[in-house]
Amino acid sequence: MSETEATFTHQASFEVGEIAGNMRHGKLEAMYEELFAEVIEDGVITQEERARLDKMADNLGLDRARLRKLEQALQAAYEARHRIVIKDLSFVDEPPPATIAPLELATDQRTLALERRIKFLEQRIADLERELEDARAHVSVEVDFSDVASPRASVPDDDPAELARRVRHDPRDVDSLHALFRLYKKAGDSDRQWCVAHVLAYLDGANGEEKECYLAHREAALIRPTASVSQEAWKRLLFHPEEEPLVGEIFSVVVSAVLLGRLSAMRRDKQLVKVDPAKKQDPATTTVQAVRCFHWASAILGMHSPGLFADPDYAGFVEMVPGVPPVSRIGAKALSGRSAAELAFIAGRHLASYREEHFVKMLVPSARGLEDIFLAALSIGNPGLPLSAQVKQLVVPIAKAIEPILEPAAIDRLRGHFLRFVEEGGRTNLQRWAHATDRTVARAGLLLANDLRAAHNVLSLEDKAHVAEKMDDLMSFVVSDRYAKLRKQLGIALAAPAS
């Protein structure tokens with residue numbers, strides 16, 4: 001279906017479930033943060049500037065004690081980023097001359113020795129990686145398979161567990177997919193049969209019967225579910241298996257504080273993206289199909305849609321613009337030339353990134369940055385967390401910038417999460433977690449698009465080099481039990497044939 005034909009409507013019987021999962025934030029405190037960021041830009045807080053701050057706090061009806069904690073957090077973030085100490089001259093009668101003192105670099109001999117050791121090991125790792133690549137380039141292996149029976153010839157037609165295992169291992173295993181199709185046909189499971197035919201059609205490996213099945217039940221329009229994705233379904237069925245829930249829960253506690261700190265840093269560094277208020281869209285009245293798609297998608301995913309701005313000057317699909325609340329601007333690649341299914345994939349994937357477990361990754365995409373925030377969160381949950389001197393130097397300023405903004409209940413949650421983290425082994429791989437969240441948000445997009453080819457088209461425009469890897473995960477998802485259960489819960493699964 002073309003973009004102009006898309007309607008982005010729900011079934012009349014569609015039941016909106018619990019709207020949850022979005023990141024929470026405080027708008028009035030963000031207004032105060034904007035003024036405070038301007039005040040500390042020169043590294044000094046004067047009595048006149050303190051009076052301005054107090055007047056705004058009174059006008060907004062904000063608690064002075066809480067705002068002092070907010071100031072401490074913002075000040076700590078600013079000092080850590082710019083390596084200076086802010087002078088607060090607002091509480092003395094005769095302020096001394098304003099100065100900006102640089103923070104002292106580490107001089108401890110053990111710390112310096114560790115830094116030298118880390119540099120040596122990093123260089124050694126780089127050397128070993130180059131040696132490994134060279135070795136691979138010069139190794140060739142020849143194996144004679146003439147006397148070995150083809151494993152594809154022995155695919156069992158009546159062993160669903162074995163077939164599912166093979167497809168998980170290699171979703172492009174066409175012989176196993178053919179066998180799964182026959183198995184689901186025999187069992188009368190029309191929806192699972194169609195899902196397998198969908199994958200085969202995407203791989204151009206479908207036979208006549210499989211093509212007929214795929215085309216007969218292919219959605220001529222967007223999915224029209226009868227229910228939205230529940231919070232339990234998000235976590236049990238939609239999250240990628242390698243996305244550790246506890247890691248996301250820890251990030252969800254601190255993400256609003258991280259956003260506020262990131263916002264202040266970007267404002268001071270003149271990096272904030274300014275959105276044109278005239279480009280803001282009203283989903284109820286707009287004729288822009290991409291905007292209507294986001295509104296439609298958010299209801300199905302059980303989320304609130306962010307404020308949406310149509311900005312053809314932005315060259316990409318869609319991006320989050322930091323703010324309180326954060327908003328999204330839809331760019332030229334999504335505003336024209338996209339099919340309805342492609343828009344659904346784009347919207348579902350972007351909205352899934354707005355979940356409180358995932359939002360930190362949009363703010364801090366690097367694994368190193370995520371690690372620092374994660375350790376800072378754990379150290380707030382347990383101030384006695386043993387950290388090396390070098391790690392402390394990185395993590396303590398971040399914790400100081402986060403903790404004052406958190407409510408007591410949030411700190412209690414971090415204490416509980418820390419205990420669970422220790423009980424579960426006290427180890428995690430944040431790079432793997434970040435990789436898994438990318439898979440999760442893509443699965444959310446595919447659930448709405450219901451079209452592997454549409455997902456392929458969008459991913460190809462972004463990162464052609466890794467399309468095959470990303471599509472492998474989506475194909476595995478389409479033929480999985482999780483996907484089948486999601487389709488049933490949403491009311492989009494094909495009904496079994498009448499006996």
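Axes here are lines fitted to C-alpha atoms, for helices over the stretch in contact, and angles run from 0 to 180 degrees between N-to-C directions. Keep that in mind for the helix pair.

First, the ground rules. This is a predicted model: local features need pLDDT of at least 70, side-chain atom pairs count only at pLDDT 80 or more, and totals for chains, interfaces and linings use all residues. Residues are numbered from 1 along each chain as its sequence is written, and side-chain values use heavy atoms, with hydrogens and water left out. Helices (H or I, at least four residues) and strands (E, at least two) are DSSP runs, numbered from the N terminus.

Now the helix pair. Helix 18 covers residues 430–449, and helix 20 covers residues 467–478. They pack at an angle of about 60°, with axes 10 Å apart. Helix 18 and helix 20 are therefore oblique to each other. On the cut-offs: under 35 degrees is roughly parallel, over 145 roughly antiparallel, 65 to 115 roughly perpendicular, and the rest oblique.

Who touches whom? Contact means heavy atoms within 4.5 Å. From helix 18 come H435, R439, A442, R443 and L446. They meet E469, K470, D473, L474, F477 and V478 in helix 20. These residues divide into five nonpolar, one polar and five charged. Nonpolar covers Ala, Val, Leu, Ile, Met, Phe, Trp, Tyr, Cys and Pro; charged covers Asp, Glu, Lys and Arg; the others, Gly among them, are polar.

Two strands pair if DSSP finds at least two bridges between them. Strand 5 and strand 7 (residues 327–330) run parallel, joined by four bridges. In that pairing, L308 has S328 as its bridge partner, and A310 has I330. Strand 6 pairs with strand 7 in the antiparallel sense, over four bridges. There, V318 stands opposite I330. Strand 6 and strand 7 form a hairpin, with five residues between them.

Which way do the residues of strand 7 point? V327 and R329 point one way, S328 and I330 the other, and all are buried. Buried means under 20% relative accessible area, exposed over 50%, partly exposed in between (1.4 Å probe, protein chains only).

Last stop: S379, in helix 15 (residues 367–381). S379 is buried, at 14% relative accessible area.
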